[in-house]
Amino acid sequence: MEEYVREYRIALLVPTRKRPESVKRLLKSIEDTVNDKTSVTVYFYLDDDDFDTIRLIKSIKKRKTYDIKYMIGPRIIMSEMVNQLYPLTSEFILFFGADDIVFRTQGWDSILIEAVKEVSDGVGLFYGNDLVTTQHAPDFATHPILTREWVNVVGYVSPPYFACDYADTWLNDIADRCGRKFALPFINEHLHHTVGKASYDSTYAENRQKFVIDNVPLLYQKHSHEIEEAAQRIKEFISK
């Protein structure tokens with residue numbers, strides 16, 4: 001188990017590939033909506049062949065407009081990208097983000113931090129409203145927000161199996177089984193191609209191809225016993 005001091009700040013973990021304009025849009029939305037610019041650090045996993053995004057992030061970091069950290073590495077699946085970013089973080093709040101979201105609610109950082117503080121044992125999955133009404137149930141966390149204590153108990157930020165999709169389903173299933181899912185009144189809009197808010201670009205296409213090759217639904221079923229095991233660990237922790 002990791003030893004840490006609860007630092008009530010937010011680590012926004014962002015896997016990204018070949019979307020520099022989306023990265024700029026995401027960062028601008030953070031700048032426009034946070035109450036406290038020191039409350040959020042954005043962590044990017046950058047593929048080592050994604051030269052345009054690497055150039056952009058390095059340029060933005062030099063200007064010190066945003067608190068940004070990044071790592072450059074080989075192409076790996078999206079689920080594993082956030083796990084690779086985790087060791088860089090010290091924040092207690094871990095937001096499983098994406099380059100195709102934007103924040104719409106003023107002060108969402110304060111809303112999130114205060115909600116996390118209310119959970120005394122520090123274990124929970126929190127989520128905002130992604131404004132998607134046709135792809136999932138209203139109480140589904142498309143971009144789950146975890147805590148460092150959750151990761152301490154479960155052992156990972158994201159299940160390391162999925163090229164796209166299903167990591168969020170996995171984390172929702174854990175939270176639902178142990179009654180630790182909290183909806184919050186802020187909007188992190190998901191500008192996804194399936195709801196007509198983005199074009200179907202090469203990143204979506206590559207992830208989808210990998211999804212089919214790996215047969216992600218079958219992969220999910222193969223490892224589904226791990227969901228119950230994680231939920232049990234949380235139940236045991238919160239009952240102490």
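A salt bridge is taken here as a side-chain nitrogen of Lys or Arg within 4 Å of a carboxyl oxygen of Asp or Glu. The structure is a predicted model, in which local features need pLDDT of at least 70 and side-chain atom pairs count only at pLDDT 80 or more, while totals for chains, interfaces and linings use all residues. Residues are numbered from 1 along each chain as its sequence is written, and side-chain values use heavy atoms, with hydrogens and water left out.

A search of the whole structure returns 20 salt bridges. One of them joins the side chains of Arg-19 and Asp-99, with an N to O distance of 2.8 Å. Helices (H or I, at least four residues) and strands (E, at least two) are DSSP runs, numbered from the N terminus. In these terms Arg-19 belongs to the loop between β1 and α1 and Asp-99 to the loop between β4 (93–96) and β5 (101–103), so the pair ties together parts that are 80 residues apart in sequence. Arg-19 and Asp-99 are both buried, where buried means under 20% relative accessible area, exposed over 50% and partly exposed in between (1.4 Å probe, protein chains only).

A salt bridge is also found between the side chains of Arg-17 and Asp-49, at 2.8 Å from N to O. Arg-17 is placed in the loop between β1 (10–16) and α1 (20–33), and Asp-49 in the loop between β2 (40–47) and α2 (51–63), so this pair ties together parts that are 32 residues apart in sequence. Arg-17 is buried at 7% relative accessibility, whereas Asp-49 is partly exposed at 32%. Glu-21 and Lys-24 are three residues apart in α1, so about one helical turn separates them. Glu-21 is exposed, with a relative accessibility of 55%, and Lys-24 is partly exposed, with 37%. Salt bridges with shared partners also join Arg-17, Asp-47, Asp-49, Arg-75 and Glu-206 into one network.

Helices α1 and α2 pack at an angle of about 30°, and their axes are 9 Å apart. Axes are lines fitted to C-alpha atoms, for helices over the stretch in contact, and angles run from 0 to 180 degrees between N-to-C directions. Angles under 35 degrees count as roughly parallel, over 145 as roughly antiparallel, 65 to 115 as roughly perpendicular and the rest as oblique; α1 and α2 are therefore roughly parallel to each other. Contact is defined as heavy atoms within 4.5 Å. On the α1 side, Pro-20, Val-23, Lys-24 and Leu-27 take part, and they meet Asp-52, Thr-53, Leu-56, Ile-57 and Ile-60 in α2. By class, this contact holds six nonpolar, one polar and two charged residues (Ala, Val, Leu, Ile, Met, Phe, Trp, Tyr, Cys and Pro count as nonpolar, Asp, Glu, Lys and Arg as charged, and the others, Gly among them, as polar).

Helix α3 (residues 78–85) contains Ser-79, which is buried at 1% relative accessibility. A polar atom of the Ser-79 side chain lies 3.2 Å from the backbone oxygen of Pro-159. Not counting residues up to four places away in sequence, Ser-79 touches Ser-158, Pro-159, Pro-160, Tyr-161, Phe-162 and Ala-167. The buried residues of α3 are Ser-79, Met-81, Val-82, Asn-83 and Leu-85, and they pack against β1, β2, β3 (68–73), β4 and α6.

Strand β1 includes Ile-10, a buried residue at 0% relative accessibility. With neighbours within four places in sequence left aside, the contacts of Ile-10 are Ser-39, Val-40, Thr-41, Glu-91, Ile-93, Phe-95, Trp-108, Asp-109, Leu-112 and Ile-113. Ile-10 and Asp-214 are 204 residues apart in sequence, and their C-alpha atoms are 32 Å apart in space.

Most residues other than glycine have a negative phi. Leu-131 has a positive phi, near 65°. Leu-131 lies in the loop between β6 (125–129) and β7 (145–147) and is partly exposed at 35% relative accessibility. Tyr-166, likewise not a glycine, has a positive phi of about 70°. Its place is in the loop between α5 (148–154) and α6 (167–178), and Tyr-166 is partly exposed with a relative accessible area of 24%.

Notes. Polar contact = N/O pair within 3.5 Å; in protein donor to acceptor, adjacent residues only side chain to side chain.
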